[in-house]
Amino acid sequence: FPSHDKVAAFILYICGTFFDLMVKVSILDMAKNINSSGPNDLGASINIAWSSIRDIANMGFIFILLWTAFKAMFDLSFGNVGKTIGNIIIAALLINFSLFLTKVVIDASNIVSVGFYNVINPGNGITSSYLNLLGMQKFYSPSLIDNNPLDIVDTLKYAFFSSIFILVLAVVFFVMGIMFLTRYILLIIIMILSPIAVIAFAVPGGDGIWKKWFSALINQSFFAPVFFALTWVTLRISGSVRLGTPADWAIITKQGTPDTAALIMNYALVIGFTIAYRDWE
């Protein structure tokens, strides 16, 4: 990159590396991390935290049964007692498997995500697929610039527009990296709090907590496969409609390049699809 774009290129490198790292940690390596059993591993820490919450929840079943019995006696209403006790029994059985069942959902979503990830064939990272499609590695056309020296005005235009293209892509990578980091943290919290969700299922009036927990589990788990599926669609669609060749990436030259407008349109399509899909999710 020319000197005036080295800062923008460095920001793009940092944001792209951050995005690839978040994908690796939260998707490719997540099953290994949450199932690890070493004393200082994430999986062991999750198990310890979950066990503590589970033990507290198990003690809560005693108070729920007492509360149900007293409520039935004082209200002289025994119609819903059987249903409540049935829910308590189901919850008491499920609470000891809540972490396992939660991990099954998360692992299933990550397996689908890895499948799409491999189909996309990112090579050195998913960011490379975007860069290859956009032709960002060949953003400049040295032969055209060398053969058509730029004056000060064109140089400033060149620096401004090229930096904008690079920084917009950097922001997209950074935002997507934050989304995967957020998903990773939320899924860990969801696993640890799974006993609370199960006991809320048994408590009359606790449906709201259960539904919020279950909705968060499904939304966060399947955000990843939806993301990679739509990314694959984005790359396929943009690749099929791309005009011009990456080697003609030159925004400002004296003689001009017919393919520049087509390549800018291709860039807008890829970024537009990506942003639109992230908003849809």
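A polar contact is taken here as a pair of N or O atoms within 3.5 Å, where, within protein, one atom must be able to donate a hydrogen and the other to accept it, and where residues adjacent in sequence count only if both atoms are side-chain atoms. Under this definition, the backbone oxygen of Ile 95 lies 2.9 Å from a polar atom of the side chain of Ser 98. The model is predicted, and local features need pLDDT of at least 70, side-chain atom pairs count only at pLDDT 80 or more, and totals for chains, interfaces and linings use all residues. Residues are numbered from 1 along each chain as its sequence is written, and side-chain values use heavy atoms, with hydrogens and water left out.

The protein chain has 11 helices and zero strands, with helices (H or I, at least four residues) and strands (E, at least two) taken as DSSP runs and numbered from the N terminus. Read along the sequence, the pattern is accordingly α-α-α-α-α-α-α-α-α-α-α. Of the 281 residues in the protein chain, 43% are buried, where buried means under 20% relative accessible area, exposed over 50%, and partly exposed in between (1.4 Å probe, protein chains only). Among contacts in the protein chain with a separation of 6 or more, 81% are between residues 24 or more positions apart, a contact being defined by heavy atoms within 4.5 Å.

Not counting residues up to four places away in sequence, Ser 98 touches Trp 50, Ser 194, Pro 195 and Val 198.

Two packed helices are described by the angle between their axes and the distance between the axes. The axes are lines fitted to C-alpha atoms, for helices over the stretch in contact, and the angles run from 0 to 180 degrees between N-to-C directions. The axes of α5 and helix α9 (residues 194-202) come within 9 Å and cross at roughly 110°. By class, the contact of α5 with α9 has three nonpolar, three polar and no charged residues, where Ala, Val, Leu, Ile, Met, Phe, Trp, Tyr, Cys and Pro count as nonpolar, Asp, Glu, Lys and Arg as charged, and the others, Gly among them, as polar.

Helix α5 also packs with α1, at an angle of about 135° and with the axes 10 Å apart, which makes α1 oblique to α5. In this pairing, Val 23, Ser 26, Ile 27 and Leu 28 in α1 meet Asn 110, Ser 113, Val 114 and Tyr 117 in α5. The contact of α1 with α5 has, by class, five nonpolar, three polar and no charged residues.

A search of the whole structure finds 12 aromatic pairs, the rings of Phe, Tyr and Trp (its six-membered ring) being paired if their centres lie within 6.5 Å, with planes under 30 degrees apart counted as stacked, over 60 as edge-to-face and the rest as tilted. The ring centres of Phe 19 and Phe 227 are 6.1 Å apart and their planes stand at 80°, so this pair is edge-to-face. The pair links distant parts of the chain, 208 residues apart, with Phe 19 in helix α1 (residues 6-28) and Phe 227 in helix α10 (residues 207-241). Phe 19 is buried, with a relative accessible area of 0%, and Phe 227 is buried, likewise with 0%. An edge-to-face pair is also formed by Tyr 117 and Phe 228, at 5.8 Å centre to centre and with 90° between the planes. Because Tyr 117 lies in helix α5 (residues 98-120) and Phe 228 in helix α10, this pair ties together parts that are 111 residues apart in sequence. Tyr 117 counts as buried at 13% relative accessibility, and Phe 228 is buried with a relative accessible area of 0%. Phe 19, Tyr 117, Phe 173, Phe 180, Phe 223, Phe 227 and Phe 228 form one aromatic cluster.

Helix α10 also holds Trp 210, which counts as partly exposed at 25% relative accessibility. Leaving aside neighbours within four places in sequence, Trp 210 is in contact with Ala 197, Val 198, Ala 200 and Phe 201.

Key. Parallel < 35°, antiparallel > 145°, perpendicular 65-115°, else oblique.
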